[in-house]
Amino acid sequence: MPSRTAVLRSALAVTLTAGALTTLGTAPSHAAPAGCTGTGPITCRYDVAPGHYDVTVRLGSRSHAAGTGITAEARRRVLNAVDTGAGQLLDRVVTVNVRQPEGQPTGQGGTGTPGLTLVFDGRSPAVEAITVRPVRPPALFLVGDSTVCDQPTAPYTGWGQLLPARLREGLSVANYADSGESSGSVLSNPVLFPAVRSQTRAGDTVVIQVGHNDKRTTATAFRDNLTRMVREVRAAGGAPVLVTPPVRRLFDSAGRLTGTAWHVNELGVNLPGEVKAVARAQGTPLVDLTTSSANLVQQLGVTGSERLFLTREKGDNTHFSEYGAAAMASLVLDEALRLGVIRSTRVR
């Protein structure tokens, strides 16, 4: 009678139970698990409902060295590359939010595919087994604009798209940021802030960054919109966090950032200043991404800061490259740790 190990290695099995969707399969030793296609990258798709999932993966190969990272859904980085030697297998767990559309909530740039999509990339990706289990851990909801959102098309990358890779399992990043949104539009569109509010419960955190598209919003309206979001998050049992918008890469002739770069809008409203005022009035944690991003941009200078944005690729001094988005995610995370918004035990 064949051993249990031999049985597992001789077949690929997918079982759906009330508790979990489990995917098993390691035979032959070089094959990817069921539901997966390709070799570099390896793409895996699972028919699961929208929600939060713990994904356990066994990375590596029994026959060769590998380097494997993971993106989920619309280019959302959930695990940075892990190197393994020949015969070395490592288990990792990532917590993933599944949403349809899987990129931007309004479907801008495409709606993606239903269910969970995982892409194993890197210099030589290898995955031996995958288990997907539904969970409802504490959620970190993101509300904002194109500088935050899950951008479906490279090279555009939102900082919220790279944040999950820095977090350990047990904290699910649900990115409801969307391109072109202002403080008023995120409130009025049912698939944006209202969708976040309806899902928020005790233990959840809602991070709000608006301002890029409030070009003609009055100071009063901007404060009112932010105040309303803060109060509604608290009424739902969640913890709101306000983030001032990152600067644009706009320099004057003297090499200094312009007022537009600092988000002084067309009406003369200093939008980051208004965010700070609301945070003080409401006793809300504040991540001053405007100042920290300005310090970084100015430190790199007119030429060096091009790498953060899509200046060279697209002539775009607002949206981030993958490198820039990773830098912004680090600035947000560092301040969130300092404020106690995210515990250090949650960070990889």
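T244 is buried, with a relative accessible area of 0%, where buried denotes under 20% relative accessible area, exposed over 50% and partly exposed anything in between, for a 1.4 Å probe and protein chains only. This residue belongs to a predicted model, in which local features need pLDDT of at least 70 and side-chain atom pairs count only at pLDDT 80 or more, whereas totals for chains, interfaces and linings use all residues. Residues are numbered from 1 along each chain as its sequence is written, and side-chain values use heavy atoms, with hydrogens and water left out.

T244 lies in the loop between β14 (239–243) and α6 (271–282); helices (H or I, at least four residues) and strands (E, at least two) are DSSP runs numbered from the N terminus. Its side chain makes a polar contact of 2.9 Å with the side chain of T290. A polar contact is a pair of N or O atoms within 3.5 Å; within protein, one must be able to donate a hydrogen and the other to accept it, and residues adjacent in sequence count only if both atoms are side-chain atoms. Leaving aside residues up to four places away in sequence, T244 touches Q209, P272, V275, K276, L286, V287, D288, L289 and T290, contact meaning heavy atoms within 4.5 Å. C149 is likewise buried, with a relative accessible area of 0%.

**Sheets**

Strands of a sheet pair through backbone hydrogen bonds, either parallel or antiparallel. Here two strands are taken to pair if DSSP finds at least two bridges between them. Strand β11 is joined to β13 (residues 205–208) by 4 bridges, and L142 has V207 of β13 as its bridge partner.

An open sheet of 5 strands with antiparallel pairing has the order β3-β4-β9-β6-β7. Its edge strands, β3 (36–37) and β7 (76–84), each pair on one side only. Between β6 (residues 66–72) and β9 (residues 116–124) there are 5 bridges in the antiparallel sense; A72 is partnered with L118 in β9.

**Aromatic pairs and charges over rings**

Rings of Phe, Tyr and Trp (its six-membered ring) pair if their centres lie within 6.5 Å; planes under 30 degrees apart count as stacked, over 60 as edge-to-face and the rest as tilted. By this rule there are 2 aromatic pairs, as tabulated below.

| Pair | Centre to centre | Angle between planes | Class |
|---|---|---|---|
| F141 and Y176 | 6.2 Å | 50 degrees | tilted |
| F309 and F320 | 5.3 Å | 40 degrees | tilted |

F141 in strand β11 (residues 139–143) and Y176 in the loop between β12 (172–175) and α3 (183–188) are 35 residues apart, and both are buried. F309 in strand β16 (residues 309–310) and F320 in strand β17 (residues 316–320) are 11 residues apart; these two residues are also buried.

The charged end of R99 sits over the ring of Y176, 4.8 Å from its centre. R307 lies over the face of Y323, at 3.7 Å from the ring centre. The criterion requires NZ of Lys or CZ of Arg within 6 Å of the ring centre and within 35 degrees of the ring normal.

**Disulfide**

The structure holds 1 disulfide, defined as a pair of cysteine sulfur atoms within 2.5 Å. C36 and C44 form this bond, with their sulfur atoms 2.0 Å apart. The torsion about their S-S bond is about 105 degrees, so the disulfide is right-handed. Both C36 and C44 are buried.
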